[in-house]
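Please keep the sequence and the structure in view while reading.

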Amino acid sequence: MPATPDAPLTVGFDLDMTLLDTRPGIRATYLALSAETGTAIDADLVVTRLGPPLLDELRNWFPAERVEAVADRYRTLYRDHAFAPTVALPGAHAALDAVRAHGGRVAVITGKYAPNARLHLEHAGLRVDALAGDLWAETKGDALREHGAGVYVGDHLGDIRGARHAGAVAVAVATGPYGAEELRAAGADVVLPDLTAFPAWLAGHLGKAG
């Protein structure tokens, strides 16, 4: 398992289905986009596979020449439809508090459009020290390196790839599309059922590192 740097402690977190259950808001946004564009979109299917970039998902429903424009419209509609129904996942606040209790910094490294990610965090009352958006897999790893994160917590196989790319400890939570065994098989160093288990894990991990 990669070692956590001695100081300063920085822990990276994914956003969707790691800190926040964004499925209801994303579903509502896709339904609004479908109604506005007249394009049939299976919003229930979309929310079962959150993680990869927005453009990748939109390519399933729109021709290539429309994807960029539709993505811009989606991000605008998102602000009207996504924040109110989104809730913090169990243990999210306590996980961030645990990092700070150990003198650490919190960096959210997400595939979501950064301005919308920031509004999500503000709406949920989650305070972070750094935010990087529009990232996926290895590009998340680049951001983790930039912010000096020794741990990355996420729910997706792409999050594990990002952590490993950065040489960070890959902590997976089984709150997204993958079960514990799939996350372990993909190379997670640690698999937790959800973030409620994170404070105890972090305390133990830092104790070992010390």
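A residue counts as buried when its relative accessible area is under 20%. By that cut-off, 51% of the 210 residues of the chain are buried in this model, which is predicted.

**Overall fold**
- The chain has 10 helices and 8 strands, and its C-alpha trace spans about 60 × 30 × 30 Å along the principal axes.
- For a chain of 210 residues, a compact globule would have a radius of gyration near 17 Å, and the 17 Å of this chain agrees with that value.
- Of the contacts between residues at least 6 apart in sequence, 61% join residues that are at least 24 apart.

**Helices α5 and α10**
- Helix α5 (residues 92-101) packs with helix α10 (residues 198-209) at an angle of about 20°, their axes being 8 Å apart; because angles under 35 degrees count as roughly parallel, the two helices are described as roughly parallel to each other.
- The crossing of α5 and α10 is right-handed.
- From α5, the residues A94, A95, A98 and V99 meet F198, P199 and L202 of α10, and by class this contact comprises 7 nonpolar, no polar and no charged residues.

**Residue L19**
- L19 lies in the loop between β1 (10-13) and β2 (20-21), and with a relative accessible area of 0% it is buried.
- Beyond its neighbours within four places in sequence, L19 is in contact with F13, D14, A88, L89, A92, L96, V108, L126 and L195.
- L19 and P193, although 174 residues apart in sequence, are 13 Å apart in space, C-alpha to C-alpha.

How values were computed:
Residues numbered from 1 in each chain as written. Predicted model: local features only at pLDDT ≥ 70, side-chain atom pairs only at ≥ 80, totals over all residues. Heavy atoms only, no water. Axes fitted to C-alpha atoms, helices over the stretch in contact; angles between N-to-C directions. Helix = DSSP H or I, 4+ residues; strand = E, 2+ residues; numbered from the N terminus. Parallel < 35°, antiparallel > 145°, perpendicular 65-115°, else oblique. Left-handed = near helix turned anticlockwise from the far one by under 90°. Contact = heavy atoms within 4.5 Å. Nonpolar A, V, L, I, M, F, W, Y, C, P; charged D, E, K, R; others polar. Buried < 20%, exposed > 50% of the residue type's maximum accessible area, 1.4 Å probe, protein only. Rg over C-alpha atoms; globule rule 2.2 N^0.38 Å.
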